[in-house]
Amino acid sequence: MKILVTGAKGFVGKNLCAALNNIKDGKDKTHPGLSIEAVYEYDIDSKPEELDAYCQDCNFVFNLAGVNRPKEQSEFMEGNFGFADTLLNTLKKYHNTCPVMLSSSQQASLTGRFGNSEYGRSKKAGEELFLDYERNFLQAPRHSGLDPESHEIADQVRDDGLRSRVLIYRFPNLFGKWCRPNYNSAVATFCNAVANDLPYTVNDPSVELELLYIDDLVAEMINALQGKEHRCEFDGLTVLPTPSHSGLDPESPKTTGRYCYVPVTHKATLGEIVDLLKQFAAQPQTLMIPEIPEGSFAKKLYSTYLSYLPYEKTAFPLKMNVDQRGSFTELVHLANCGQVSINISKPGITKGQHWHHSKWEFFIVVSGHGLIQERNLNDLEGKVIEFEVTGDNIQCIHMLPGYTHNIINLSDTEDLVTVMYCNEVFDPNKPDTFFDPV
């Protein structure tokens, strides 16, 4: 399959092209049924003859080109409607009936706060242009009087099983890596400001945004490429899902929604976004990794925030507690899940010799040669269990509640390096740590 991406140097275009090229080059093997031969990247600095060649040869088009912040309001219609018209006319010129995706916006609904949006009107006009193209060109009978060679692309598309169709996506607010700050994304602006200690203003923290993460958008684009797009109608800004026909399945519904949507979005207020970013920014001082469950907005926002860090913040120092025995350094704290530390013991040194009521730990020796000993305080025989450990055979040893324990460096010359996990962050007011030699 040969894919044309217009607006390839924009935020969505960069991320989509990176994903498509990973599949094309065999770096992403998670789509075994998808074969990509070429990714044609077209942008404002490309030559018109390139668009001509790409439209003649491609099997799928992602039209992401558009104008967001023009100098004059009239440029909205020229950039968003005008180029779409040029693109479709070029496809018609070569009788290329391949599927075409259009990147539109919630503002095209022209409802609520978008009722008087010039940008929205230009996007709505682009949608109508695409729907008309689908009715009058893609779904029109083929004319026998045309040069049979002109059907080469159309026949190839049909041989691949893909239906001729348009896919119109009305995207909400987008965020993710490579998004330009101080442009048209509040999340990008706040991430950049917090990461770089720049001033920012939140006029109304209660304003709620519907947000779409770039990786979720790209995942849907890969679905669309395989005829698995999610279809819908819109009631204002409300998505009304409809049966989704597959461009690959002849038994799929023939009638379905005119529009498409990404099924995974998030809602968050400006205040919630900024509060999370402040937590992320404080991590080098607190060591606290906030709760970031799989699929959560917080997890996606954290990855986005990190992409805006300046070089000088990419590394940060940790507090090493050093004495003649070696050192102990806390690495990270985990919200509701404890902490991870690194312990270095000098040759011949014994550390630990204490027990806990409820606290428990993992000791993982990653370098050196040592001995871990544990004794159950409730064992009248005083039996000691022992684990000889080395960095050449890494294993994880439980430090059990109610067992006093230690770790001994058996080497005369080499430091013993141990990664330690504890199920709670150390609290000096409630240490739950009591001295007792093994």
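# Close-up legends

**View 1. H9 is a mostly covered helix, with seven of its ten residues buried.** Buried here means under 20% relative accessible area, while exposed is over 50% and partly exposed is anything in between (1.4 Å probe, protein chains only). The buried positions in H9 are Phe297, Ala298, Lys300, Leu301, Tyr302, Thr304 and Tyr305. A heads-up before going on: this is a predicted model, so local features need pLDDT of at least 70 and side-chain atom pairs count only at pLDDT 80 or more, while totals for chains, interfaces and linings use all residues. Residues are numbered from 1 along each chain as its sequence is written, and side-chain values use heavy atoms, with hydrogens and water left out. As for the labels, helices (H or I, at least four residues) and strands (E, at least two) are DSSP runs, numbered from the N terminus.

View 2. Axes are lines fitted to C-alpha atoms, for helices over the stretch in contact, and angles run from 0 to 180 degrees between N-to-C directions. On that scale, under 35 degrees is roughly parallel, over 145 roughly antiparallel, 65 to 115 roughly perpendicular, and the rest oblique. Which residues meet here? From H8 come Ile273, Leu276, Leu277, Phe280, Ala281 and Gln283, and from H9 come Phe297, Ala298, Leu301, Tyr302 and Tyr305. Sorted by class, this contact of H8 with H9 has ten nonpolar residues, one polar and no charged. The classes put Ala, Val, Leu, Ile, Met, Phe, Trp, Tyr, Cys and Pro as nonpolar, Asp, Glu, Lys and Arg as charged, and the others, Gly among them, as polar.

**View 3. Zooming in on Gln283 of helix H8.** Is Gln283 buried or exposed? With a relative accessible area of 7%, Gln283 is buried. Leaving aside residues up to four places away in sequence, Gln283 touches Met288, Ile289, Tyr302, Phe316 and Val332, where contact means heavy atoms within 4.5 Å.

**View 4. H6 also meets H9.** Helix H6 (residues 186-195) and helix H9 (residues 297-306) have axes that come within 9 Å and cross at roughly 55 degrees. H6 and H9 are therefore oblique to each other. H6 goes past H9 in a right-handed crossing. On the H6 side the contact uses Val187, Cys191, Val194 and Ala195, and on the H9 side Leu301, Thr304 and Tyr305. That contact of H6 with H9 counts six nonpolar residues, one polar and no charged.

**View 5. Ser307 sits in the loop between H9 and strand S13 (320-323).** Ser307 comes out as partly exposed, at 39% relative accessibility. Ser307 and Asn192 are 115 residues apart in sequence, yet their C-alpha atoms are 8.8 Å apart in space.

**View 6. An open sheet of three strands, in the order S6-S7-S11, shows mixed pairing.** Its edges are strand S6 (173-175) and strand S11 (266-269), each pairing on one side only. From one strand to the next, the twist averages 45 degrees. Strands of a sheet pair through backbone hydrogen bonds, either parallel or antiparallel. Here a pair requires that DSSP finds at least two bridges between the strands. S6 and strand S7 (residues 208-213) run parallel and are joined by three bridges. Phe175 stands opposite Tyr213 in S7. Helix H8 (residues 270-286) lies across S7 and S11, at about 85 degrees to S11.

**View 7. Asp197 and Asp432 have positive phi without being glycine.** Phi is near 55 degrees for Asp197 and about 50 degrees for Asp432. Asp197 belongs to the loop between H6 and S7, and with a relative accessible area of 59%, Asp197 is exposed. Asp432 is in the loop between strand S22 (416-422) and strand S23 (434-435), and at 11% relative accessibility Asp432 counts as buried.

**View 8. Zooming back out, the chain holds nine helices and 23 strands.** Of its 438 residues, 46% count as buried. Among contacts in the chain with a separation of 6 or more, 74% are between residues 24 or more positions apart.

Terms used: Left-handed = near helix turned anticlockwise from the far one by under 90°.
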